[in-house]
Amino acid sequence: MKTEMYFAHSSNDETKADWQPLSDHLKAVASIAGGFADAFGGRSVAEVAGLLHDIGKYTDDFQRRIAGDAIRVDHATRGAMVAVDRFGPIGMLLAYGIAGHHAGLANGSEGGERTALCDRLKGLGLPPLKDDWRRDIALPEQVTPPKLFPQKDHGMFQCAFLVRMLFSCLVDADYLDTEAFYDRVALPGQPNDRSASRALEVPSLQALRERLDTHLLGFAADSDVNRIRADILAHTRQAAQYVPGLFSLTVPTGGGKTLASLAFALEHAIKYGLRRVIFVIPFTSIVEQNAAVFRSALGDLGEAAVLEHHSAFVATPLPRSDAERYQAREMLRLAMENWDAPIIVTTAVQFFESLFAARPSQCRKLHNIAGSVVILDEAQTLPLKLLRPAVAAIDELARNYRSSIVLCTATQPALNAPDFRGGFDKDQIRELAPNPPELFRKLDRVRVRHVGTLDDDALAAQLRDLDQVLCIVNNRRHARALHQALADRPGARHLTTLMCAKHRSQVLAEVRVRLKAGEPCRLVSTSLIEAGVDISLPTVYRAEAGLDSVAQAAGRCNRNAERAAELSEVRVFATANSDWAPPPELRQFAQAAQEVMRQPQFRDDPLSPPAIEAYFRLLYWQKGDKELDAANLLGLCAESRIDSLPLETLAAKFRMIDTVQMPVIVPFDDDARRDIESLRYAEKSGGLARKLQPYLVQLPRNGFDALRKAGAIQPVAPEKWGEQFMELVNMDIYSCEFGIWWEEPTFMRSANTII
């Protein structure tokens with residue numbers, strides 16, 4: 001009797017000679033997914049997910065579809081049904097990912113955009129499943145889930161987290177095996193940049209440590225500040241021997257946290273067999289800068305080792321053929337990076353929203369966070385409305401997924417304070433820096449004082465009287481107006497996220513040249529400059545904000561102790577113009593800062609660690625438990641069961657930025673124009689998308705829509721990419737001073753934001 005052959009993927013070959021047998025695909029995905037899940041002890045369950053994810057292709061309907069029939073076939077639900085039937089509760093956890101491996105994770109019992117899992121498990125309308133699947137794959141009698149160390153009151157949160165981790169292993173394995181098949185059958189000469197990038201040899205962490213050591217030998221401890229930085233570096237590297245878990249690196253701005261954290265991470269990862277280092281940066285604007293620092297420090301291996309992932313282009317539906325082969329290829333084009341590089345530099349939005357995500361493209365990378373060192377740079381910037389679920393996710397990574405997490409900041413956010421419910425245990429976080437209070441005393445380089453309320457004329461007059469000064473304000477329109485008031489003075493410069501990163505880098509390079517030469521420099525910026533930008537001016541003005549923001553502003557003042565602290569001032573001011581009033585939450589931060597600064601014990605040193613702790617504890621107390629989990633995400637988890645996890649709801653409600661940001665590519669220079677042109681002909685977008693990231697400007701949706709309506713932005717090759725890549729085609733509205741700026745009411749309203 002002839003055995004019927006079933007296929008997973010097809011090609012243009014009508015003889016089916018090079019089509020992929022379904023059993024080969026299932027076994028390959030199982031093997032890859034199991035290997036991914038090894039990092040957290042989940043190999044056996046991930047292998048089962050791989051074996052079952054596509055058994056719904058063992059149907060006549062699907063085999064007709066893969067041959068070209070224009071019919072829709074649900075091939076994901078059958079595997080979920082078998083998982084629940086064969087493996088009980090752990091099978092239910094697997095069922096979420098198996099059923100959602102194309103469309104995304106659904107809620108267990110409450111429908112959303114996707115049909116609830118409980119309804120899909122009824123199997124209504126599914127084509128008959130052939131028994132041949134039992135011949136081709138052998139399921140184990142039972143599977144053992146990874147052992148989870150419990151978080152108090154967070155049992156179902158931990159189950160939802162495990163579902164996403166297993167889902168990540170499955171979808172990444174599925175993407176990779178599918179991609180490998182289509183690469184094998186690709187026509188000669190067809191562009192294949194993604195598979196080429198996979199073929200590159202990835203540097204080992206040991207080799208990266210050697211390059212970093214060579215780089216660090218070039219630093220001379222030739223000043224008090226540099227000797228302190230060298231001591232911080234040495235102490236931090238020695239602390240790499242600590243067993244994995246939660247750490248803090250509390251160092252004043254300008255104390256060398258960036259390279260010290262990289263040195264710790266490489267040493268620690270090598271010591272404990274961790275796989276990669278992930279730097280999580282609060283602002284898109286400085287991801288490129290930090291990535292450049294790491295590449296430079298890693299010498300000839302830097303380019304191959306460091307992957308930036310700071311702005312995902314918007315994935316929109318593309319025109320698709322009904323044939324399975326074309327559907328799969330378009331799916332692959334939209335796939336996000338899976339973070340398989342040794343060093344990842346990404347944003348807090350990308351990192352945390354992925355940890356709560358439901359879409360395959362976002363979740364794909366999650367398993368690569370397990371068994372990694374994660375540096376949370378400027379940890380105090382976590383949004384308060386999501387603080388408790390974000391802390392629970394950090395705790396879970398360290399507790400059950402072999403990740404070491406470093407809270408790296410000059411202003412530690414008191415996440416283990418006894419009055420912060422849901423925070424870390426008192427002794428759970430280990431400090432890596434040597435004696436932080438003493439460090440802050442030694443690196444005291446500025447004086448902070450409040451200079452009262454200033455109207456625009458008074459503020460501009462004070463800035464005009466100073467040759468070298470930085471002024472940081474709370475929204476883009478204020479920054480632009482202030483720069484215009486200074487434009488006739490030598491060295492007037494302006495920074496905003498309405499400029500692309502490449503443009504901002506050029507402005508900062510000009511500023512550094514002027515400062516080094518002792519020339520006038522009057523720089524006006526939004527808060528983007530506060531997080532890690534290596535720049536030093538004698539005087540900094542800061543519009544009222546939280547004490548952590550004031551501390552970050554102070555990090556741009558007398559950064560290298562070029563002058564006495566008494567001659568280096570951070571002047572905090574209130575704005576008289578109501579147009580520049582901060583939004584309500586920022587106003588609350590500013591009020592808490594003022595309350596702490598008025599207290600006698602902090603009046604002379606409002607940036608000391610005790611003052612910062614008092615500030616955050618006051619904020620947490622003012623907010624209360626509910627406002628620290630404004631969407632009640634932990635509550636939703638606590639009220640759920642294994643079969644009713646609110647996975648889609650969690651993804652929809654965990655939004656670090658309320659306003660949807662839309663990326664626009666600016667053809668700023670010849671490199672950008674060349675890569676945009678290449679997009680029109682490329683078969684895959686991954687490599688070009690990464691090259692174009694420094695040329696993106698993120699716009700609020702209403703500003704983006706206004707530009708689209710006016711024809712100022714247009715999609716690149718929409719017949720191929722849909723609206724995934726939007727280009728600024730009217731460069732008349734891109735200014736060398738202000739970036740994208742359009743005197744139109746809708747756009748002007750969208751520009752009234754804090755960065």
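**Reading the salt bridges**

Reply: The structure holds 44 salt bridges. It is a predicted model. Side chains of opposite charge can pair when their charged atoms come close.

Me: Which residue forms a salt bridge with Arg227, and how far apart are the closest N and O atoms?

Reply: The partner of Arg227 is Asp224, with 2.7 Å between the closest N and O atoms. Both residues belong to helix H10 (residues 224-238), where they lie three residues apart, about one turn of the helix.

Me: By how many residues are Glu627 and Lys623 separated in helix H24?

Reply: They are four residues apart in helix H24 (residues 609-627), so about one helical turn separates them. Glu627 is partly exposed at 41% relative accessibility, whereas Lys623 is buried, with a relative accessible area of 9%.

Me: Which parts of the chain does the pair of Glu566 and Arg447 link?

Reply: The side chains of Glu566 and Arg447 meet in a salt bridge of 3.0 Å, N to O. This pair links distant parts of the chain, 119 residues apart: Glu566 is in the loop between helix H22 (547-554) and strand E15 (569-575), and Arg447 is in strand E10 (residues 447-454). Glu566 counts as exposed at 54% relative accessibility, while Arg447 is partly exposed at 29%.

Me: Which residues are linked in a network of salt bridges?

Reply: Arg209, Asp213, Arg237 and Glu267 are linked in such a network.

Me: Where in the chain is confidence lowest, and where is it highest?

Reply: The chain has a mean pLDDT of 89, and 92% of its residues reach 70 or more. Confidence is lowest in helix H14 (residues 324-334), with a mean of 40, and highest in helix H2 (residues 43-52), at 98. Over residues 315-336 the pLDDT is below 50, and this stretch has 62 contacts in the model beyond near neighbours in sequence.

Terms used:
Residues numbered from 1 in each chain as written. Predicted model: local features only at pLDDT ≥ 70, side-chain atom pairs only at ≥ 80, totals over all residues. Heavy atoms only, no water. pLDDT = per-residue confidence, 0-100. Helix = DSSP H or I, 4+ residues; strand = E, 2+ residues; numbered from the N terminus. Contact = heavy atoms within 4.5 Å. Salt bridge = Lys/Arg side-chain N within 4 Å of Asp/Glu carboxyl O. Buried < 20%, exposed > 50% of the residue type's maximum accessible area, 1.4 Å probe, protein only.
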